[in-house]
Amino acid sequence: MFREMRRNKQLLTQKETEEILINGKTAILGLSGDEDYPYTVPVNYVYDNGKIYFHCAKEGHKIDAIKRNNRVSACVIDKDDVCPEKLTTLFKSVIAFGRARILENEDEIYSSAERLALKYNSDKDFADKEIEKYFNVLCCVEIDIEHMTGKQCIELRQ
């Protein structure tokens, strides 16, 4: 169902791929937008045990797109250094494909919001206060990853 990576010598291991997802700060979320135009949007996220979690408003383009078609992709760039003398880019990135699910259970919402908050701020008391403050307007989404690949430029592999 998913394509094999054409330049497989550049393929990262599962561990290297997951490290990028764990340490990354922003994912570019790809959705099927209005009138089937692709819609991409940056989101802060957390990766945990084969799933990506992010939060957003309860209404808007992302939510409408997910409700219409829950198949999504997410791209995280770990390294992106242009090397002008070689006309190339030294890169390392991950692309994940999966199905998005809007969380509805309050325990799931709280748990995913807390994981996300603690990734960016380790103060649990602060995170819990912020989650409680915004809980009624908070929407959390879980992406169950079905396929992912990590890739780096050949120059970094050598």
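Predicted model: local features only at pLDDT ≥ 70, side-chain atom pairs only at ≥ 80, totals over all residues.
Me: Does Ser93 count as buried or exposed?
Reply: Ser93 sits in strand S6, residues 88-102. Buried means under 20% relative accessible area, exposed over 50%, and partly exposed in between, using a 1.4 Å probe and protein chains only. The relative accessibility of Ser93 is 16%, so Ser93 counts as buried.

Me: Which residues does Leu31 touch, not counting those up to four places away in sequence?
Reply: Leu31 has its place in strand S1, and with a relative accessible area of 6% Leu31 is buried. Residues up to four places away in sequence are not counted, and Leu31 then touches Tyr37, Pro38, Tyr39, Lys62, Ala65, Ile66 and Val72.

Me: What is the phi of Asp36 near?
Reply: Asp36 belongs to the loop between S1 and strand S2 (38-44), and Asp36 is exposed at 66% relative accessible area. Most residues other than glycine have a negative phi. Asp36 is a residue other than glycine with a positive value, near 65°.

Me: Where is Leu87 found?
Reply: Leu87 counts as exposed, at 81% relative accessibility. The phi of Leu87 is positive too, near 50°. Leu87 is found in the loop between strand S5 (71-83) and S6.

Me: Why are H3 and H4 oblique to each other?
Reply: Helix H3 (residues 106-120) and helix H4 (residues 124-134) pack with their axes 10 Å apart. Angles under 35 degrees count as roughly parallel, over 145 as roughly antiparallel, 65 to 115 as roughly perpendicular and the rest as oblique. H3 and H4 are therefore oblique, as they pack at an angle of about 135°.

Me: Which element has the lowest mean pLDDT?
Reply: pLDDT is the predictor's confidence in each residue, from 0 to 100. The chain averages 93, and 99% of the residues score at least 70. Among the elements, strand S1 (residues 26-32) has the highest mean, 98, while the lowest, 76, belongs to helix H5 (residues 154-157).

Terms used: Residues numbered from 1 in each chain as written. Heavy atoms only, no water. Axes fitted to C-alpha atoms, helices over the stretch in contact; angles between N-to-C directions. Helix = DSSP H or I, 4+ residues; strand = E, 2+ residues; numbered from the N terminus. Contact = heavy atoms within 4.5 Å.
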